[in-house]
Amino acid sequence: MIRYLTRRVAQSLITVLLVTLVIFLIVRLIGDPTHLMLPPEATEADRELLRHQMGLDRPVAVQYGTYLWHLLQGQLGMSYRFSRPALDVVLGALGPTLLLTTSALGLGILVGVPLGAIAAVRRGGAVDQCAKFFAVLGQAAPPFLFSLLFIRLFSIQLSWFPTNGYGTFSHLVLPAVALGWYSAAGIMRLTRSSMSEVLDTEYIKFARIKGVPEHTIIFRHALRNALLPMITFTALQFGILMGGAVSVEFIFSWPGIGRLILDSISNLDYTVVQAAVTVGALIFTLLNLAVDVLYAYVDPRIRYA
Amino acid sequence: MHEATPLDLRQRPAEASVPVPDLRARRQFFRDAQLWVSLALAIALVVVALAPQWFSPYDPNAISLSDILKPPSSAHWFGTDQLGRDLLSRVIWGSQISLYVAFCAVLLAGVFGSLFGIAAGYLGGWVDAVAMRLADIQLALPAVILALVLVGAIGFSVFNLVIVLSLANWARFARVTRSEALSLRSRDFVLLAKLAGASRIRVIFAHIVPNVVNTFIVLATLDIGTIIILEATLSFLGLGVQPPTPSWGAMIADGRGYLETAWWICGIPGMVLMVAVLLANQLGDALRDRLSPTMSRGW
């Protein structure tokens, strides 16, 4: 277990380091921020001075070294647009994004696991057919399409929920459902296939022969084992949800990371882009690490492999 | 007094032993039907995308101020948008750009990702370590965010879009083909080929690659849907295909302001997008059941 743990932690550290390098290089390609920071009447000499002050005239390797050193100290530079530390801006947007993605994920699990399990137990039944329809549809439509459909239906037609904004529960409903639909479809498919697999195993057959009541078989023996692969899948879903959140946040004017990245790219506010993507990658890598460790803890076959 | 009648086996009606329907044969038939129907529809879609000028009734960019925001009618089957442009024509021309980008991006990501994965799995050692750490970089960021930042960095053009989409989506190919190559490495026919003196390159291209092709086809087909969605998302956000070139994502973005008065501007391209992704997914699932049963996930 210790060996497995050290290997995974080392891998994650390398990943994070490489990601910071890649993001650093990409962001350098976006453009020269001094064009935006200075008034149009500024001379070339003013610009050079500013570039010098910001360290933009030094070699890229030196710039990256400085960036890493500051990163370790928790300094991610200043946002040109907000005149505030970029990390503060990003952390301010993190809360709304986490609220949106965890609500969507919770919804996905709440809908996906029971429906997938019932579909597997009653293969070919009515619930199975409905669940299949729901899943196939859910995986074919991007969240931004559902967002627009929901706005048209529930905001404009029925006036049940506001079209955009942030703050109250009714603001959360439409974006969370639009985002959660997609992951519910994936979770449903996985629960169904993993549950079907478990239900066909010898130990379930043996439990049946022994006369264990059906509900005990399904809940105690089958579902618990079927949900194991869900641990890893849920972490992957979280990443997909963070991606899907970009368009959903854009549509619903949700003040999260996705919209922040989008706005910062169009305003060339590259310290914020860099900070946001770094924080996102850090969270996602840590989450994957945590999930792998949890999985190895739950399933001994992994750590000895 | 009512007595519970015990089940009398001798009086069991003869109908109880009707032959059980052959579920397996029926399922097989439906799987075949799924494959052929989705294949036929997908080919139809590709034909439309290849020759939009044959199918499009109007010029997709012709602005007609007298036809602004017309609902679907016999003259304009899918209605018109806020500039009076015919939506059917725009959807048809949009299929060209959306499918073109998706095909190129999947092919690029698939070929390079798979070669990476095969090299990593077969050669092992530092090649494996480097390839998998590179894959980790891509997997550490959601594809949409990676693609957004990359497009922001290298600018808009169809060519750049293809590059960005494949950079944001190659790791899955590498991961899966790596594990296949890893298990093929110790199979007898590979060992025998090595024993016979075949070079590494020869073993990879003559013995490993042909055995990974099925997996590649399945992954690539399933990936088309993902990439169509990713491209549409970027175009919807204004960072993909640029106007006035019609693309499904950008058309949906156009209609966002007219949700109340003209639902069809969003709705029609949205439905077409869904149908295209649905077809790719169904075709992928059907191919997976046939070519790579071990990857099958039911349904």
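The predicted model scores ipTM 0.84 and pTM 0.84. For chain B the mean pLDDT is 82, with 88% of its residues reaching 70 or more.

Of the 305 residues in chain A, 41% are buried, and among the contacts in chain A with a separation of 6 or more, 73% are accounted for by residues 24 or more positions apart. The secondary structure of chain B likewise lacks strands, with eleven helices and zero strands, and from the N terminus on its elements run α-α-α-α-α-α-α-α-α-α-α. In chain B, 48% of the 299 residues count as buried, while residues 24 or more positions apart account for 69% of the contacts with a separation of 6 or more.

The contact between the chains takes 40 residues from chain A and 35 residues from chain B. On the side of chain B that touches chain A, at least two residues each are supplied by helix 4 (125-139), helix 5 (143-154), helix 9 (200-236) and helix 11 (264-291) of chain B. Helix 5 of chain B gives the most to this side, with nine residues. Sorted by class, the side of chain B that touches chain A has 24 nonpolar residues, along with six polar and five charged residues.

The largest nonpolar core holds 167 residues, of which Val90(A), Ile261(A), Ala147(B), Leu148(B), Leu165(B) and Ile228(B) touch the most other members. For one of these, Leu165(B), the residues touched, when those up to four places away in sequence are not counted, are Val101(B), Ala105(B), Ala147(B), Ile227(B), Leu230(B) and Glu231(B).

Within chain B, helix 7 (residues 171-185) packs against both helix 3 and helix 9. Helix 3 (residues 87-123) and helix 7 of chain B pack at an angle of about 35 degrees, with their axes 7 Å apart, and helix 3 of chain B passes helix 7 of chain B in a right-handed crossing. The residues of helix 3 of chain B that take part include Ala109(B), Gly110(B), Gly113(B), Ser114(B), Phe116(B) and Gly117(B), and those of helix 7 of chain B include Ala171(B), Phe173(B), Ala174(B), Val176(B), Arg178(B) and Arg185(B). By class, this contact of helix 3 with helix 7 of chain B has eleven nonpolar, seven polar and four charged residues.

Helix 7 and helix 9 of chain B pack at an angle of about 145 degrees, with their axes 10 Å apart, and here too the crossing is right-handed. From helix 7 of chain B, Arg172(B), Phe173(B), Val176(B), Thr177(B), Glu180(B), Ala181(B) and Leu184(B) meet Ile208(B), Asn211(B), Val212(B), Thr215(B) and Leu219(B) in helix 9 of chain B. This contact of helix 7 with helix 9 of chain B has seven nonpolar, three polar and two charged residues.

Two individual residues of chain B illustrate local surroundings. The C-alpha atoms of Leu115(B) and Ile204(B) are separated by 9.4 Å, although the two residues are 89 residues apart along the chain. Ala33(B), found in helix 1 (residues 23-50) of chain B, counts as exposed because it has 11 C-beta neighbours inside 10 Å, the cut-off for that class being 12 or fewer. Between Ala33(B) and Ala129(B), which are 96 residues apart in sequence, the C-alpha to C-alpha distance is 43 Å.

Terms used:
Residues numbered from 1 in each chain as written. Chains lettered and ligands numbered in written order. Predicted model: local features only at pLDDT ≥ 70, side-chain atom pairs only at ≥ 80, totals over all residues. Contact = placed C-beta atoms within 7 Å. Helix = DSSP H or I, 4+ residues; strand = E, 2+ residues; numbered from the N terminus. Nonpolar A, V, L, I, M, F, W, Y, C, P; charged D, E, K, R; others polar. Core = buried A, V, L, I, M, F, W, Y, C linked by C-beta atoms within 7 Å. Buried ≥ 20, exposed ≤ 12 C-beta atoms within 10 Å, placed from the backbone. Axes fitted to C-alpha atoms, helices over the stretch in contact; angles between N-to-C directions. Left-handed = near helix turned anticlockwise from the far one by under 90°. pLDDT = per-residue confidence, 0-100.
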